[in-house]
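Have the sequence and the 3D view ready, and let's work through some helix packing together. Each task comes with a solution you can follow step by step.

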Amino acid sequence: MPGKWAESVSIRPANANDAELMSTFIVNLAEKFILFEFSERGRAQFLSDHTPAKMRERINGNFRYHLAEADHELVGLAGIRDNAHLFHLFVAESLQCQGLGRRLWEYAVAECRKESNSGIFTVNSSKNAVAAYERLGFSVTGPMQNMNDVLFVPMQLAFL
């Protein structure tokens, strides 16, 4: 059941002016929930891949980002690459496990379906987030992967 946040949260498309805010939001959450299991090289790779410039590049490229805001504060974001790969799904720690991640995901799916998504989505999950993605309907498709010391679990979801 959604908490009190549900009434005050709005979701909007991101634009290039949001890149710095998005970068800070992702890096802060990654520091707490993801990066502790990476090597120093993997940590550096992740951080260099989430600078404001990289986020701006994604927004202006083949990514679609949706930002959840409450009282003009960023509380969540979802990023989809190529209309089929969930690249980012982050929720403020204070709102985790309250349905905001699902709401962002469902919003992103609806937008992808408008753009002719086939109903198949993938995600490269952090080890910490596998259970959350399973609750959204994703299934693990292989063992933990290591790309440039950045660790992830490949997952897929197919809507009927």
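The exercises below look at helix length, helix packing and one histidine.

This is a predicted model, in which local features need pLDDT of at least 70, side-chain atom pairs count only at pLDDT 80 or more, and totals for chains, interfaces and linings use all residues. Residues are numbered from 1 along each chain as its sequence is written, and side-chain values use heavy atoms, with hydrogens and water left out.

**Exercise 1.** Describe how H2 packs against H3 and against H4.

*Solution.* Two packed helices are described by the angle between their axes and the distance between the axes. Here axes are lines fitted to C-alpha atoms, for helices over the stretch in contact, and angles run from 0 to 180 degrees between N-to-C directions.

Take H3 (residues 40-48): its axis and that of H2 come within 10 Å and cross at roughly 160 degrees. H2 is therefore roughly antiparallel to H3 (the term applies over 145 degrees). Ile 26, Val 27, Ala 30 and Glu 31 of H2 meet Arg 43, Phe 46 and Leu 47 of H3, where contact means heavy atoms within 4.5 Å.

Now take H4 (residues 52-60): its axis lies 8 Å from that of H2, at an angle of about 115 degrees. On the H2 side the contact uses Ala 19, Glu 20, Met 22, Ser 23 and Ile 26, and on the H4 side Pro 52, Met 55, Arg 56 and Ile 59.

**Exercise 2.** Which residues of H2 are buried, and what covers them?

*Solution.* Buried means under 20% relative accessible area, with a 1.4 Å probe and protein chains only. Ala 19, Met 22, Ser 23, Phe 25, Ile 26, Val 27, Leu 29, Ala 30 and Phe 33 are the buried residues of H2. Their cover includes H3, H4 and the strands E2, E3 (73-81) and E4 (85-91).

**Exercise 3.** Is His 66 buried or exposed?

*Solution.* First locate His 66: it sits in strand E2 (residues 63-70). Its relative accessibility is 2%, so His 66 counts as buried. Finally, list its neighbours: not counting residues up to four places away in sequence, His 66 touches, among others, Ile 11, Arg 12, Leu 104, Tyr 107 and Glu 111.

Definitions and conventions: Helices (H or I, at least four residues) and strands (E, at least two) are DSSP runs, numbered from the N terminus. Angles under 35 degrees count as roughly parallel, over 145 as roughly antiparallel, 65 to 115 as roughly perpendicular and the rest as oblique. Buried means under 20% relative accessible area, exposed over 50%, partly exposed in between (1.4 Å probe, protein chains only).
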